[in-house]
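Subject: Structure handover

Hello,

Here is the structure I promised to pass on. Please open it next to this email and follow along.

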Amino acid sequence: MARPEDILRVKALLPTTLGSEEIREQIAADILRRSVFSARMENARYLAKIREVCTAMAAGEINAADARAQLLTVLDQMGHSPQD
């Protein structure tokens with residue numbers, strides 16, 4: 001049986017400008033199961049970091065607080081503002 005971290009490693013990145021509802025309506029469920037995505041996130045670098053952090057969490061290498069800190073650091077490096 002595949003481990004969660006192995007499954008996450010093979011998921012493709014799916015950058016998109018769509019919101020949550022639009023994703024549910026417009027993208028086939030089988031594509032969503034094979035993808036790493038976040039509503040209105042079209043930056044592949046950030047999606048790659050999401051995949052990396054989720055893989056590390058699934059493997060028990062980091063906890064949720066560390067994952068959040070890593071993701072916030074990348075957003076900060078990208079110049080992302082919460083008001084964007």
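Helix α1 (residues 4–10) has the lowest mean pLDDT among the elements, at 67. Helix α5 (residues 64–77) has the highest, at 94. The term pLDDT stands for the predictor's confidence in each residue, on a scale from 0 to 100. The protein averages 83, and 90% of the residues score at least 70.

Two notes on how to read the values. Residues are numbered from 1 along each chain as its sequence is written, and side-chain values use heavy atoms, with hydrogens and water left out. Because the model is predicted, local features need pLDDT of at least 70 and side-chain atom pairs count only at pLDDT 80 or more, while totals for chains, interfaces and linings use all residues.

**Overall layout**

The protein has 5 helices and 2 strands. Both kinds of element are DSSP runs, numbered from the N terminus: helices are H or I with at least four residues, strands are E with at least two. From the N terminus on, their order is α-β-α-α-β-α-α. The C-alpha atoms fill a box of roughly 35 × 35 × 15 Å along the principal axes.

Of the 84 residues, 29% count as buried. Buried means under 20% relative accessible area, exposed means over 50%, and partly exposed lies in between (1.4 Å probe, protein chains only). The protein exposes about 5,800 Å², and carbon and sulfur atoms supply 52% of that area. These areas come from the Shrake-Rupley method with a 1.4 Å probe; for residues, only the protein chains shown count as cover.

Now contacts, meaning heavy atoms within 4.5 Å. Take those between residues at least 6 apart in sequence: 45% of them join residues at least 24 apart.

**Helix α4**

How far apart are the end C-alpha atoms of helix α4? They are 21 Å apart. The expected span is 1.5 Å times one less than the number of residues. For the 15 residues of α4 (residues 44–58) that gives 21 Å, so the two values agree.

Look at both ends. At the start of α4, a side-chain oxygen of N43 comes to within 2.9 Å of the backbone nitrogen of R45. That is a polar contact: a pair of N or O atoms within 3.5 Å, where within protein one must be able to donate a hydrogen and the other to accept it, and residues adjacent in sequence count only if both atoms are side-chain atoms. Just after α4, G60 takes a positive phi of about 80 degrees.

The buried residues of α4 are Y46, L47, K49, I50, V53, T55 and A56.

- Y46 has a relative accessible area of 9%, so Y46 is buried. Leaving aside neighbours within four places in sequence, Y46 is in contact with M41, L71, V74, L75 and M78. Y46 and V74 are 28 residues apart in sequence, yet 6.9 Å apart C-alpha to C-alpha.
- T55 is buried because its relative accessibility is 7%. The T55 side chain reaches the backbone oxygen of R51 at 2.7 Å.
- C54, also in α4, is partly exposed because its relative accessibility is 32%. The C-alpha atoms of C54 and R9 are separated by 9.1 Å, though these residues are 45 apart along the chain.

**The salt bridge**

How many salt bridges are there? The count comes to 1, where a salt bridge is a side-chain nitrogen of Lys or Arg within 4 Å of a carboxyl oxygen of Asp or Glu. The side chains of K49 and E52 form it, at 2.9 Å from N to O. Both residues lie in α4, 3 residues apart, about one turn of the helix. An α-helix has 3.6 residues a turn, so residues three or four places apart point the same way. K49 is buried because its relative accessible area is 17%. E52 is partly exposed because its value is 45%.

**A loop residue**

Where is T16? T16 sits in the loop between β1 (12–13) and α2 (20–26). Its relative accessibility is 10%, so T16 counts as buried. The T16 side chain reaches the backbone nitrogen of L18 at 3.0 Å. Not counting residues up to four places away in sequence, T16 touches I23, S38, R40, M41 and E42.

Best wishes
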